[in-house]
Amino acid sequence: MTLVILLLIAIALLALAYREASATVWSGVLPAVPVVLLVTGVIGTAGLLVGLALTLPVSLLLLAPSVRRTVLTGRLFSLFKRVLPPMSRTERDALEAGDTWWEGELFKGRPDWSQLHDMPVGELSEREQSFIDNETERFCRLLDQDRMERSDHDMTPEAWDFALKNGFFSFIIPEQYGGLHFSAYAQSCIVSKIASRSFSAAVTVMVPNSLGPGELLMQYGTDEQKDHWLPRLADGREIPCFALTGTEAGSDAAAMQDVGIVCEQEYQGRKTLGIRLSFDKRYITLSPVATVLGLAFKMHDPDQLLGEQKEYGITCALVPTSHEGIRVGRRHFPMALSFMNGPVQGQDVFIPLDWIIGGPDMAGKGWRMLMECLSVGRGISLPALGTGAGKMAYRMTGAYARIRRQFRLPIGKFEGVQEAMARIGGHTYRIEAGRRLTAAAGDMGYRPSVVAAIAKFHMTEMMRVVVNDAMDVHGGRGIIFGPRNYLGYSYQSIPVGITVEGANILTRNLMIFGQGAIRCHPYVFAEMEAARADDLAEFDRLLTRHVGYSINRGVRAFVLGLTGARLATAPVSDDTARYYRQLERMSSALAFVSDVAMGVLGGELKRRERLSARLGDVLSELYLATAVLKMYHDAGRPQEQLPYVRWALDESLSRIYDAFDGFFRNFPRRLMAAGMRWLVFPLGRPYHAPEDADGQAIAESMMQSGGVRDQLTRFGSWSADDPNDCMGRMEHAMEVLDRMEPLYDRFLKLVAKREINGFTLQERLDSGVTQGLLTEDEARQLAEYDAIRLDCIVTDAFDKAELASGHGREAATEPVAGQVAQG
């Protein structure tokens with residue numbers, strides 16, 4: 001009976017903690033526990049006195065803030081201020097830049113699923129849809145990827161002219177300045193569609209519409225600057241670039257060597273207050289053709305011409321590239337791709353003070369400006385590049401795996417190939433879901449820096465996996481460059497997406513959790529601010545709530561672990577309900593483990609990048625998994641997409657477990673690590689890799705016209721209809737095969753059974769007709785299809801002189817007619 005009573009009390013306390021009872025409730029409950037134990041005979045009078053001696057002081061601390069501050073939190077406050085790591089101005093700007101959005105719900109441990117379901121995602125206006133269907137389609141048709149990358153190293157003049165005149169550089173510019181002012185989702189769809197045709201062309205369009213003069217002018221420019229520059233950017237008279245990265249300053253912008261000294265100098269015939277700039281930038285996209293340069297530099301005023309301040313810090317200015325002393329035009333050759341990229345240099349270049357973006361008042365505020373605007377490139381443009389490459393690889397691999405036969409079967413029927421195809425399909429679904437959800441943030445008015453970092457890192461990494469697997473499935477067909485190769489240039493471009501806008505190693509190890517833990521946590525940043533402001537009362541209030549929050553999340557993680565997350569909430573009752581519950585469980589676990597890690601390690605957690613990166617992986621997978629659930633919900637929960645959904649969610653949950661497992665195994669306080677593991681996973685490993693059956697279903701759907709294949713790639717990819725185009729050739733063959741497959745399979749079986757004789761295709765067709773096994777019309781159709789099939793799998797070949805000259809536009813291909821049918 002004593003054990004039953006103790007168990008009931010423990011359950012009641014757990015229930016209160018699980019429901020996050022208030023401090024007032026706890027102050028009454030705690031002293032009541034020894035009283036209940038006395039009444040039920042579990043303890044005597046002495047036990048009651050001991051129990052009250054332990055619980056009444058706690059109740060007093062909960063009810064009396066002044067006592068609590070004197071006895072407890074005042075001392076903790078002093079300790080916290082001593083161990084609080086220093087925060088540089090650049091770190092503070094990075095932390096304060098942008099907004100907290102859906103990732104905050106996931107980090108707090110109790111996501112509001114109605115908030116996720118109610119988000120407007122994937123909506124295009126009539127004007128945006130028309131632009132995608134018409135202007136973007138025509139632009140894609142002007143692109144010859146092989147010619148761009150292998151011989152011209154540039155888009156054609158026609159493609160450049162079309163892009164400039166049709167507003168491809170003005171997606172973010174308001175209509176009042178002549179821009180298109182498209183939604184973030186529309187921008188994402190357009191860049192993704194172009195990327196599925198040409199990575200280099202997509203980069204060319206992407207840059208002016210993400211981090212660049214246009215974005216900075218709109219957010220921070222003076223009215224005069226906007227009126228002058230934005231119309232010229234919108235109609236293509238000006239081509240912008242933005243120069244941030246230098247020889248010494250890559251990820252560490254504070255190491256920037258580019259300087260601007262405030263001085264007075266003769267300019268346009270009169271003495272002018274301005275800045276003398278010296279800079280050496282590299283990796284600047286569009287700089288070889290740019291007419292206006294956005295420039296980041298460190299501004300100094302040693303003579304105090306502007307006031308008492310001598311060091312202003314990072315500042316952004318807008319400078320015409322024709323300005324005296326600016327050196328542009330030379331090109332880098334990034335991965336031998338054709339998009340314009342090069343160095344920008346200048347020595348003792350004088351510019352007027354009012355060329356600072358936003359005017360002199362914005363001097364020294366450049367880093368904050370950049371942090372707030374970087375989320376556009378990270379969250380919209382780069383994920384769109386990954387999506388476009390992924391969708392192209394998805395469609396082409398599905399077609400090739402069905403058309404290409406070995407051992408009498410389409411190669412997509414072999415389980416080893418299906419394993420790779422499952423990753424291609426599953427990750428493409430994840431990429432598309434992440435693209436849609438992340439773009440929704442911008443359209444809702446948010447600039448979520450943590451979500452942007454998640455999207456940039458994971459969607460470019462998934463692009464790497466998808467394109468790698470596609471190359472494996474294609475084999476030799478994928479590695480031979482030429483007009484027929486649709487895959488090789490995407491493979492070639494993978495490191496570009498991985499490297500730019502914050503290298504992926506930096507993004508994972510420093511940004512996602514480093515920013516997320518502080519920005520998304522409901523109390524940590526506020527506690528840090530209270531400590532810096534020496535506000536004990538505010539610190540006490542926050543810390544008290546923080547302790548209750550941590551206890552609640554730990555109890556929730558433990559209870560949900562014991563019950564298989566059955567107590568968690570799910571907004572649906574279908575096959576995905578269990579995933580909602582498991583994600584809520586892992587959200588609670590992340591909140592609890594993050595609190596313990598920050599509380600125990602403090603500033604040391606910042607230096608232990610591998611530990612913090614694993615917690616960032618948990619947050620990232622929660623985000624991607626909820627994006628998948630959102631996309632499936634918005635699509636009307638179609639059954640044919642369910643294998644993709646299960647594969648994607650099982651993949652995310654398995655990765656979440658692996659991330660927690662790695663964290664616990666490497667946490668320096670071993671006993672505490674064991675305790676956290678037991679609380680989070682009390683019954684052992686609950687998640688496993690995706691099921692083979694789902695992977696097989698994905699592979700099969702990739703080889704079928706229509707269905708999920710079209711649903712997944714309908715928006716944000718280019719679908720060629722020209723049989724002579726490298727991708728159109730595959731699509732045409734798929735259409736013909738849809739009609740011909742039963743007849744073609746029957747013919748191959750007759751060949752395999754030796755009921756039809758002959759060595760060449762034509763001999764076998766003649767034999768079939770002679771024996772009455774085929775009609776004349778069937779033989780003709782088979783011959784036509786076999787020519788189409790061989791045309792899909794043949795690769796380009798060139799004369800030696802053509803390659804030596806660097807051209808080789810007219811490829812000499814292997815013959816495709818009269819081949820022996822291999823079956």
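This is a predicted model: local features need pLDDT of at least 70, side-chain atom pairs count only at pLDDT 80 or more; totals for chains, interfaces and linings use all residues.
## Confidence of the model

The protein chain has an average pLDDT of 91, and 95% of the residues reach a score of at least 70. Among the elements of the chain, helix 26 (residues 642-666) has the highest mean pLDDT, at 98, whereas strand 10 (residues 812-813) has the lowest, at 48. Across residues 808-823 the pLDDT falls below 50.

## Packing of helices 2 and 3

Helix 2 (residues 23-39) and helix 3 (residues 45-63) have axes that come within 8 Å and cross at roughly 180 degrees. Because angles over 145 degrees count as roughly antiparallel, helix 2 is roughly antiparallel to helix 3.

On the side of helix 2, the contact includes Ala23, Trp26, Leu30, Pro31, Pro34 and Leu38. Helix 3 contributes residues including Leu48, Gly51, Leu52, Leu56, Val58 and Leu62. By class, the contact of helix 2 with helix 3 comprises 13 nonpolar, six polar and no charged residues.

## Packing of helices 17 and 25

Helix 17 (residues 449-474) packs against helix 25 (residues 609-634) at an angle of about 85 degrees, and their axes are 10 Å apart.

Val450, Val451, Ile454, His458 and Met462 of helix 17 meet Asp617, Leu619, Ser620, Glu621, Tyr623 and Leu624 of helix 25. Seven nonpolar, two polar and two charged residues make up the contact of helix 17 with helix 25.

## Nonpolar cores

The largest nonpolar core contains 244 residues, and Phe139, Phe168, Ile194, Met586 and Phe660 have the most contacts inside it. Helix 15 (residues 366-403) supplies the largest share of this core, 18 residues. Another core, of nine residues, lies apart from it and has Tyr18, Leu30, Val559 and Ala568 among its members.

Met586, one of the residues with the most contacts inside the largest core, touches Leu622, Leu653, Ile656, Phe660, Val680, Phe681 and Tyr687, when residues up to four places away in sequence are not counted.

## Leu143 in its loop

Leu143 is located in the loop between helix 8 (126-141) and helix 9 (145-152). Its relative accessible area is 3%, so Leu143 is buried.

Apart from neighbours within four places in sequence, Leu143 is in contact with Met148, Met155, Ala159, Ile194, Arg197, Ser198 and Ala201. The C-alpha atoms of Leu143 and Ser200 are separated by 10.0 Å, although these residues are 57 residues apart along the chain.

How values were computed
Residues are numbered from 1 along each chain as its sequence is written. Side-chain values use heavy atoms; hydrogens and water are left out. Axes are lines fitted to C-alpha atoms, for helices over the stretch in contact, and angles run from 0 to 180 degrees between N-to-C directions. Helices (H or I, at least four residues) and strands (E, at least two) are DSSP runs, numbered from the N terminus. Angles under 35 degrees count as roughly parallel, over 145 as roughly antiparallel, 65 to 115 as roughly perpendicular and the rest as oblique. Contact means heavy atoms within 4.5 Å. Ala, Val, Leu, Ile, Met, Phe, Trp, Tyr, Cys and Pro count as nonpolar, Asp, Glu, Lys and Arg as charged, and the others, Gly among them, as polar. A nonpolar core is a set of buried Ala, Val, Leu, Ile, Met, Phe, Trp, Tyr and Cys residues joined through side-chain atoms within 4.5 Å. Buried means under 20% relative accessible area, exposed over 50%, partly exposed in between (1.4 Å probe, protein chains only). pLDDT is the predictor's confidence in each residue, from 0 to 100.
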